[in-house]
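Hi,

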Amino acid sequence: MANEKIEQLRGEILGACNAAADMTALEAVRVAALGKKGSVTGLMKDLSALPPEERKAFGQQVNTLRDEVTAALDAKKAALGDAELDAKLAKERIDISLPVRPEAKGSIHPISQTMDEIAAIFGQMGFEIADGPDIEDDFHNFTALNFPPGHPAREMHDTFFLPENEKGERYLLRTHTSPVQIRTMMSQKPPIRVIIPGRTYRCDYDMTHTPMFHQVELLVIDTETNMSHLRGCLQEFVRTYFGVDDLTTRFRPSFFPFTEPSAEMDIGCSRKGGELKIGNHGDWLEILGCGMVHPNVIKACGLDPNIYQGFAAGMGIERIAMLKYGIPDLRTFFESDLRWLRHYGFAALDVPSVTGGLSR
Amino acid sequence: MKFTLSWLKDHLDTQAGLDEITAKLTAVGLEVEGVENPAKGLEGFIVAHVTEAKQHPNADRLRLCTVDTGTEVLQVVCGAPNARSDLKVVLARPGVVIPISGEVLKKGSIRGVESQGMLCSYRELKLGEDHDGIIELPADAKIGSPVTLVLNLDPVIEINLTPNRVDALGVRGIARDLAAAGLGKLKPLNDAPVAGKLPTSRKIKMGLPAGDAHKCPQFAGRLIRGVKNGESPRWLKDRLTAIGLRAVSVLVDVTQYLTIDLGRPLHAFDDAKLTGDIGARLAKSGEQVAALNGKTYTLDETMVVIADEAAALGIGGIMGGEPSSVTEGTAAVFLESALFDPRNIGATGRKLTLNTDARYAFERGVDPASAVWGIEVATRMILDLCGGEAGEIVVGGAAPEYKRTIAFDPARVKSLGGIEIAEDETKGILERLGFQISGAGSNWSVVPPSWRSDVEAWQDLVEEVLRVHGYDNIPATPLPRAPMPKAVLSPEQRKVAFTRRVLAGRGLNETVTWAFLPSAQANLFRGELPLVTLANPISADLDAMRPSLLPNLITAAGRNAARGMADGALFEVGPRFEGGAPGQQVNMAATLRAGHTTARHWAGTRRPVDAMDAKADAIAVLEAAGLNPIGLQAVAAAPGWYHPGLSGVLKLGNQIVAAFGVIHPRIAKALDVDGPLVACEVFLERIPLPKKKAGAARPLLKASALQPVERDFAFVVDATVAADAVAKVARGAERDLITDVGVFDVYQGVHLGEGQKSVAISVTLQPKDATLTDAEIEGVARKIVAAVEKSCGGKLRA
């Protein structure tokens, strides 16, 4: 009799549990079965009315029933929960085509980036960076660099001057980064290996000249460095900078007051179809001026040119940036046009290094 | 410097072709700028014979020519007046490109008659301006042969002469270089004296004071009588025209020719127009010379004139005068061949803004031995071309001493030049260039020739040897280097490099602007700094050195706004100029944000930029440089170009390291730029470099396992009390436990009372050994409240 009752109850409860449509209905099933006044709880009350020899078996059956009902309720609860979440998620939709919140993208100016590339390459060859003032005196910018008195570069026509001061000195805006050669040689003992990037100024403003531009200067002074090292050093530089491993170079005699012998270096290029391409295509492009430091310059710095020798070289930073990155107009470098800065600029984390890649 | 191939070959005996010659010129340092080869494009044109020329049946001005090409007979219609029977002509056949038009010639019909070709004029072949008729070839020209073999087509070579190469001012010097480099042999120059057959009554009278004698050290003159001036012969006119000079008359053309041929400028006076003795003297202040170019120049007393006893005749070494010049009727010519001081010639030329071939030569330095041989060569040429009788040479002054001896060790070629060149080759090169060598072993004595005033030291000799041997033969040897490179950047340079990357990482675009700006703008941004102006600015609005980076950034923002980009953030790292002497510049990082933080967006996160954006930029730079921002003090004391209430400076101790804030609206208006504009300026060099440590190790991280406790406090303080002060005082109340204090709300409202504000802070307590009890937390809270009350007069808000 007792068994039958339990079986019937099991059937009823599991059926109700299964049929429960939502959490509320399921909770009602739980309360009806397992609540204080629930049907399963009620069975335990019957226990005391049973003869002692039946109590144990009956008790076990009721416990089993309660476990079964609890398990069924939990399973149903989980199923209902899933369904409820699915229904909720089904209503949550965004238009994933919408644009993300805008973030400003900064950039590094091509001049800075090119200077960093130059430093990365010459850093591999043991160079350090030296710098000096934009406003210079005649001694460092001209006299010590072996510019003779009356040289046209000393004229107002080519060089920016400040008004003469009360001591009769006439300062100027440096016309090249070479005065830092003098400052370096006068303050540092050889061996010297420095690169000198910086702003330079000349009275010129047209399609291909701006009154301010940037140069990088190289200076090596010791007792052994000769012209073959000059060529080797520059050849390694242009090959690495332009990313052309076998780029050919051509050395031509030239003239600068502060070098002797003086040379100009050309690199291979092509101008076919009006498009300039760096590489070994049979044509030549002048890229920089260089030479062995003039004995008068070494002397002016207090060193003996019969003992110390070395080389100097200089090139325009905008120019090599224009060549490498295909920037057509020099003047645009200084216009601060946001479209230009964003287009030709470089990402903040795009730090050039020889080992990590010079440019992307 | 321009010359023609045949001209070069007057001095150089060579088998080399044009391409070989131009390649060698560049290789020895006489860089070829361009070659005009008139034969180029004329390959298809041939010599033909007009056997018969008849009247065109349908046109009065056209002729119908029967033309024999050697292989066929063609009918050609021609409009030239000189088209006639039995004439050798230049024939273009259908298919060739006519140089003047660049078009392909087609068979055609002219006025109903077929024309199977075209007879060409000089102009149509781009060989000159002559188009009065067709080219008339010599009668012996071979029918059917290419016209390039018959016409005088002399290629013109232009070289870019470096200022040191005074010797290559003349075609002969160029030939000497090529010969030295193995491209043939230098032909001898006939500069033997021409015997003077006339006495010369006119003397040279040097009138320069002792201190200025160097301005014209030597003056040679000569009278040639009985000359017949007139048009120069064709070859002479062709050469002058080819290099862009205008043939005038044979006497003038000889002087023009020798300036280019030998680098020896000369001047020809009409002897009949001279009065008494002639010579060089200083010009009188205000003295005028009517020059050959039709202009009158007013001179000063630093300049040298050539003068006779009556007047100044010409500007010495630069340009002769009109009144004393030779004309067609000149029967007696007085030649001048003088030396002038390069510096004085340069200074005079610049003052007068007068450029001539003579100035070009004298400014660089003419061969000091050339005054006398120059006049001999000129005499011979004039006698050849104009006839006449030469007088004695009269000379004033003397050639300056140019001989010097350079001690030279040939091993220097290897030690400086980096290339092994055999000693006899070194010697051969120098000797072919005109150097005299004596001595042996490592002790050579080298005497440069008169025309090489640029060679002074042994390094110059190395250059000569390398140059002629070929720079391109110098091997490329990598610089010897240490096994591992050192750090390239100094700590200060690293700071600057990092600053750039940090600001770009914050969304700002780096720019580079002029170091100069209008002084009106400099005055707005210089505070106590002096106005540093340029004596010769490139334009009136770039006349002052910038005392701040901001004006250029602000005007750039204005230009960008005008292009439709009102929102933008720029930065620049570079110098500001605090004075006009070397070293009076300091390196700054400056930012400028304009408009809104971002573009408009559907999520609505956009807002106008404000002072705190600029402060954040400043702090980011300072932090990147290694500063702990906790040590910074913000003080409302920004310079006058900032908004007085929306700006401040950041101080480290007593030192201002940065300024930031909203740009003063009056300044923005003066620069004609609409706001909002916020900016910061960081003094990079004032940021102390991080202390050198023994290693890169960081202090050990002490991360507690115990949960931190956060407590909020709101204080009512006087509105003038800085929120930062409240936070700092709270932080100091219990240093062992308080790890962080943040300001999370600032509020001002009527019910707080006039001049009062509420500052809400959040304090983080980090227990060290055991979880804090409520009593302990309460204890800290009391200390905080007491400290804020004591230092800031703050009351805990009810």
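This is a predicted model: local features need pLDDT of at least 70, side-chain atom pairs count only at pLDDT 80 or more; totals for chains, interfaces and linings use all residues.

Cis peptide bonds

Let me start with chain A, where a cis peptide bond links A:P190 to A:P191. Its omega is about 5 degrees. If you want to find the spot, look for A:P191 in the loop that runs between α7 (179–187) and β4 (192–201) of chain A.

Another cis bond joins A:E260 and A:P261, with omega about -5 degrees. Here the proline belongs to a strand: A:P261 is in β7 (residues 259–270) of chain A.

Positive phi angles

Now to chain B. Which value does phi take at B:D86? It is near 55 degrees, which is positive, and the residue is not a glycine. B:D86 sits in the loop between β6 (73–78) and β7 (87–92) of chain B. Is B:D86 buried or exposed? It counts as exposed because it has 10 C-beta neighbours inside 10 Å, and the cut-off for exposed is 12 or fewer.

B:K126 also is not a glycine and has a positive phi, about 60 degrees. You will find B:K126 in the loop between β12 (118–119) and β13 (156–160) of chain B. With 17 other C-beta atoms within 10 Å, B:K126 is partly exposed.

Have a look at these places when you open the model, and write back with any thoughts.

Best wishes

Key:
Residues are numbered from 1 along each chain as its sequence is written. Chains are lettered from A and ligands numbered from 1 in the order in which they are written. Helices (H or I, at least four residues) and strands (E, at least two) are DSSP runs, numbered from the N terminus. A residue is buried if 20 or more other C-beta atoms lie within 10 Å of its own, exposed if 12 or fewer, and partly exposed in between; C-beta atoms are placed from the backbone.
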